[in-house]
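Trainee: I've got a model open and would like to go through it with you. Can we start with how far to trust it, then look at the side chains?

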Amino acid sequence: MQRRARGSNLGLFLLLSQVYQAGFDNIPPVTLVTLGLNIFLFLNPLNDLMEVCISVNEGYYRKDWQRLLLSPFHHADDWHLYFNMVSLLWKGIRLERELGSVRFASIIAVFSQLIGMMYVLLELSLTEITGDPSYNKQCAVGFSGVLFALKVLTTHYHPGGNSYLMGAAIPNRYACWVELMLIHMLSPGTSFIGHLSGILVGLLYTQGPLKKIMEAVGGILLYDGNSPRPTFYSSHGYSGHRSHGTQQHRQNPPRDYSAYTGGLSEEEQFQRALRNSFNEGDRPRNERPPSEFCPPLDPLPPEETRRRRLQRFERQ
């Protein structure tokens, strides 16, 4: 990694101009937060670049794995920050709206760590294959590896069409590879292995098992201990619709039967039914039956009750 002076921070001002032109209301939340984090750490770095960059020596041999967390969000100079963040701005707006903020946030978090691991693995492999220990010392910093992975996702979700690089139309499925070679030829100081690591992680997500692993882990994290099975959530399109991956039977809440009983106990209902049956014989046919919600009738004298019961049996 070549460390360069920040200069007049012209790249930072141009970046802020791009963000302003895009409009804060048009930038999805995760993309906006990621932009803000990178800009904040550029203006207020947690440490010197040589203390946050990732390499085989520092990450693998010295076990300084916190560099995996710090290296993607620090940049060598304002132009490094500018080109990376402008690329993030347009890729993030497109992908976050399609995938949803939760999924896009998980992609940023996982990719930023896996790309550092992939970088260390590739550099370590090159050292073993070539016998050149200099690969162990190459230290990488910046968000460009994540951007190459996002480029793979963009071409995966939008197949077909062309990308234009230096005025030449390149099929989208080859655009990330052509861009990898062009950047390395035009700017030799950039990390070829870091960019390649981003492409490989993106392919692991679109063509390999990474997406299923992330969805499985996400399902475990969203598991509700009161439910028999984990619940999976997914976002679809611009609406941010959330759907349950498993159907769960819910217990019906206790029902209120007072609307059907008029608030009467079983004994009161039985007495009401008896009185209504006794009164049925004396009620004209066109008379409406008493409402179930009327006040209880006065109890009849025993003699009247026996008389009406005998009349009922005589009529039968």
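Mentor: Confidence comes as pLDDT, the predictor's confidence in each residue, from 0 to 100. This is a predicted model, and the mean pLDDT of the chain is 75, with 67% of residues at 70 or more.

Trainee: Where does pLDDT stay under 50?

Mentor: One such stretch is residues 224-263, which still has 42 contacts in the model beyond four places in sequence. Residues 280-298 are also below 50, and there the model has 20 contacts beyond near neighbours in sequence.

Trainee: What should I do with the coordinates where pLDDT is low?

Mentor: Where pLDDT is low, predicted coordinates should not be read in detail.

Trainee: OK, cysteines. How many disulfides are there?

Mentor: The count is one disulfide. Cys53 and Cys139 form the bond, with their sulfur atoms 1.9 Å apart. The link is right-handed, with 95° about the S-S bond.

Trainee: Which parts of the chain does the pair link?

Mentor: Distant ones, 86 residues apart. Cys53 sits in the loop between helix H3 (49-52) and helix H4 (56-61), while Cys139 is in the loop between helix H8 (134-137) and helix H9 (144-157).

Trainee: Is Cys53 buried or exposed? And Cys139, buried or exposed?

Mentor: Cys53 counts as buried because its relative accessibility is 0%. Cys139 is at 8%, so Cys139 counts as buried too.

Trainee: What about Cys176, buried or exposed?

Mentor: Cys176 is buried, with a relative accessible area of 4%.

Trainee: Switching to rings. How many aromatic pairs are there?

Mentor: There are six aromatic pairs. One of them is Tyr60 with Tyr61, edge-to-face, at 5.0 Å centre to centre and 75° between the planes. Tyr60 is partly exposed at 35% relative accessibility, and Tyr61 is partly exposed at 44%.

Trainee: What lies over the face of Tyr60?

Mentor: Lys63 does, at 4.9 Å from the ring centre.

Trainee: And why is the pair of Trp79 and Tyr82 called edge-to-face?

Mentor: Because their planes are at 85°, and over 60 degrees counts as edge-to-face. The ring centres of Trp79 and Tyr82 are 5.7 Å apart.

Trainee: Where do Trp79 and Tyr82 sit in the chain?

Mentor: Both are in helix H6 (residues 78-99), three residues apart, so about one helical turn separates them. Trp79 is partly exposed at 33% relative accessible area, whereas Tyr82 is buried at 14%.

Definitions and conventions
Residues are numbered from 1 along each chain as its sequence is written. This is a predicted model: local features need pLDDT of at least 70, side-chain atom pairs count only at pLDDT 80 or more; totals for chains, interfaces and linings use all residues. Side-chain values use heavy atoms; hydrogens and water are left out. A disulfide is a pair of cysteine sulfur atoms within 2.5 Å. Helices (H or I, at least four residues) and strands (E, at least two) are DSSP runs, numbered from the N terminus. Buried means under 20% relative accessible area, exposed over 50%, partly exposed in between (1.4 Å probe, protein chains only). Contact means heavy atoms within 4.5 Å. Rings of Phe, Tyr and Trp (its six-membered ring) pair if their centres lie within 6.5 Å; planes under 30 degrees apart count as stacked, over 60 as edge-to-face and the rest as tilted. A charge sits over a ring if NZ of Lys or CZ of Arg is within 6 Å of the ring centre and within 35 degrees of the ring normal.
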